[in-house]
Amino acid sequence: MSAAHRHAPPLRVDILPQPRLQALIAAMACLAAFCFVLALMQHLPQAWPLMALLPIVAVLAWRMARVSGRRLQWDGQCWRLSQSLDEEAQQEVLVAVAIDFDRWLLLRLREPTAPWFSPVEYLPLSAAQQGAMWGQLRATLFAARLRQ
């Protein structure tokens, strides 16, 4: 049987909030804003009051980096995504692995009928979060990619 005829088995993945990743992204955004203000102060010394905006940047970065609990489901034919852990996955999405660091994945999701300029959604997954199903998840992601 060829790879084109094989189907990856059904799989359900719960995506949980990741506060450590959220904190890391927020810290990087704050550091970038701090460096920007310092560089600006080299040319405009009177720009020092902009440092007072750094706590606002921190709060915004923390909120924008939040990963809400969701469910990603492979039914053997297509990927589906739910908006919360309480509901079944209904929305069909195309899933691609954007970054693969072996113990951590960044998935790129988009609707199959969405125009090319529509925003893309990214979901981070980690082996620590998924536990024993990590191997099955990775195998399904790459087997399903051959099918799409």
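**Rings, sulfurs, strands and a patch**

In this predicted model, tryptophan 116 is exposed, because its relative accessible area of 78% lies in the range over 50% that counts as exposed. Phenylalanine 117 has a relative accessibility of 59%, and so this residue counts as exposed as well.

How many aromatic pairs does the model hold? The count comes to three, and among them is the tilted pair of tryptophan 74 and tryptophan 79, whose rings lie 5.2 Å apart from centre to centre with 50 degrees between their planes. Both tryptophan 74 and tryptophan 79 are buried. The rings of tryptophan 116 and phenylalanine 117 also form a pair, with their centres 5.6 Å apart, and this pair is edge-to-face because the planes stand at 90 degrees, where an angle over 60 is what that class requires.

The cysteines can be taken next. The count of disulfides comes to zero, and cysteine 35 shows why for its own case: the closest cysteine sulfur, that of cysteine 30, is 11 Å from the sulfur of cysteine 35, which is too far for a bond, given that a disulfide needs the two sulfur atoms within 2.5 Å.

The strands can be followed from S3 onward. Strand S3, which covers residues 79–81, pairs with strand S4, residues 91–100, in the antiparallel sense over three bridges, and within this pairing arginine 80 has glutamate 92 in S4 as its bridge partner. Strand S4 is also joined to strand S5, residues 104–110, by six bridges, and S4 and S5 run antiparallel. Here valine 97 stands opposite leucine 107 of S5. In a regular strand, side chains alternate between the two faces of the sheet. Between the strands of the S4 and S5 hairpin there are three residues, and in this hairpin aspartate 102 takes a positive phi near 70 degrees.

Which residues make the nonpolar surface patch of about 350 Å²? The patch is made by Leu50, Leu53, Ile56 and Leu60, and of these leucine 60 has its place in helix H2, which spans residues 54–64.

Key. Residues numbered from 1 in each chain as written. Predicted model: local features only at pLDDT ≥ 70, side-chain atom pairs only at ≥ 80, totals over all residues. Heavy atoms only, no water. Patch = residues over 30% accessible without salt bridge, like charges linked within 9 Å, V, L, I, M, F, W, Y side chains within 5 Å. Areas by Shrake-Rupley, 256 points an atom, 1.4 Å probe, with all protein chains shown as cover. Salt bridge = Lys/Arg side-chain N within 4 Å of Asp/Glu carboxyl O. Helix = DSSP H or I, 4+ residues; strand = E, 2+ residues; numbered from the N terminus. Phe/Tyr/Trp six-rings, centres within 6.5 Å; stacked < 30°, edge-to-face > 60°. Buried < 20%, exposed > 50% of the residue type's maximum accessible area, 1.4 Å probe, protein only. Pairing = 2+ DSSP bridges.
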